[in-house]
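My notes follow the display.

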Amino acid sequence: MTAQSEIDEGLIEQALHWQTALESDDADWDGYMSWLEADPRHREAFDAVALVSAAVDEHKDAVRALVEARAGAQDGTESRRPGRKMWLWGSGAAAALALVAAVPMLRAPEMAVDYAADAGASRSLALAGGTHVMLSPQSRIVVHGKDATRIEMASGEAYFSVRHDPARSLTVQVGSYRITDIGTRFSVNISDGGFRVAVSEGAVGVSSEGADGEVRVTAGHQLMARQGDALALSPVAPEEIGSWRQGRLSYSNAPLSLVAADISRYSGKRIIVDPALEASHFSGTLVIGDGSRLLGDLAGVMDLSVRAENGGVRLGRAGGR
């Protein structure tokens, strides 16, 4: 079964529509799932488009030349579309279908593709196999393999929405820890020396090198760990998970170092947490806005001091206590 014989231009057009629509913060996920399940070819078309998107990121120059050559042959002009999404999807379903056929020539059998979100903006990704990822600002993941079943969390925070498929499992690597699932919604947040995984729907398993067994994290729970410390499982309100997508940072007994790392990403300030506060935790909600007030708001709520230090700021106890 080939992409050319089973996936026609009409299906590619629909897949392109959903690829673009799912990048919106208020995306119609129910409508997308209904379309996806209506016909097995819909998934093939969408996965093909996702593979093309990954190939574009990995081979920008080669794919750009292919699209511009086709566009130039059709209208006799040189394409000047500035953005990747614009010049790829703007070239139409026919050009995208040609790219689907060209993907095997552009990709290595085992590839690794970096995806990153810029400062001040989140990024939505639709990967192969029905996996969707929302990256918070200044966050990065590395996707391994064309089937996107192995993802490395490199920095920041990401919210994962994974289609349930007993025949396909996803693994998210966070340092020496592995998070596995077959269909759920969860977030992963990493900071220096620690990480947090929180589940809003379904369940995930967390294991690590040298550890006995696997820790199961179900909906409404979070698992936190710092280097050298034992894993800590605790409850969390599902609506708090991935709350940055709605413009706020919500925490339930989160290490202060993790909160500081989040604020650093949104404010652009390097934040040093005083060693005396290493054991401190924070529960509450901070409004993101433009990021400039996050540190002051946190310091006010926790009665902490903020002072300049070595090009950054140090967060300490108020009054030097």
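The entries below go from the sheet to single residues.

**Basis.** I worked on a predicted model, in which local features need pLDDT of at least 70 and side-chain atom pairs count only at pLDDT 80 or more, while totals for chains, interfaces and linings use all residues. Residues are numbered from 1 along each chain as its sequence is written, and side-chain values use heavy atoms, with hydrogens and water left out.

**Open sheet.** I took helices (H or I, at least four residues) and strands (E, at least two) as DSSP runs numbered from the N terminus, and strands as paired if DSSP finds at least two bridges between them. I found an open sheet of seven strands in the order E1-E4-E5-E7-E8-E11-E12, with mixed pairing. Its edge strands are E1 (112-116) and E12 (215-218), each of which pairs on one side only. Within the sheet, I noted that E7 (residues 170-174) and E8 (residues 177-181) are antiparallel and share five bridges. Glutamine 173 has arginine 178 of E8 as its bridge partner.

**Strand E6.** I asked how many residues of E6 (residues 157-162) are buried. Six of the six are, so the strand is largely enclosed by the rest of the structure; buried means under 20% relative accessible area, exposed over 50% and partly exposed in between (1.4 Å probe, protein chains only). Glu157, Tyr159 and Ser161 lie on one side, and Ala158, Phe160 and Val162 on the other. E6 runs antiparallel to E3 (residues 131-135), joined by five bridges, with histidine 132 opposite serine 161. E6 also pairs with E9 (residues 185-191) in the antiparallel sense over five bridges; there phenylalanine 160 has phenylalanine 186 as its bridge partner.

**Charge over a ring.** I found arginine 245 over the face of tyrosine 159, at 3.7 Å from the ring centre. The criterion is NZ of Lys or CZ of Arg within 6 Å of the ring centre and within 35 degrees of the ring normal.

**Tryptophan 18.** I located this residue in helix H2 (residues 9-21). Tryptophan 18 counts as buried because its relative accessibility is 12%. Beyond its neighbours within four places in sequence, tryptophan 18 is in contact (heavy atoms within 4.5 Å) with Asp28, Gly31, Tyr32, Trp35 and Phe46. The C-alpha atoms of tryptophan 18 and phenylalanine 46 are separated by 8.1 Å, at 28 residues apart along the chain.

**End of H8.** I listed the buried residues of H8, among them Leu256, Asp262 and Tyr266. Glycine 268 follows H8 and has a positive phi, near 80°.
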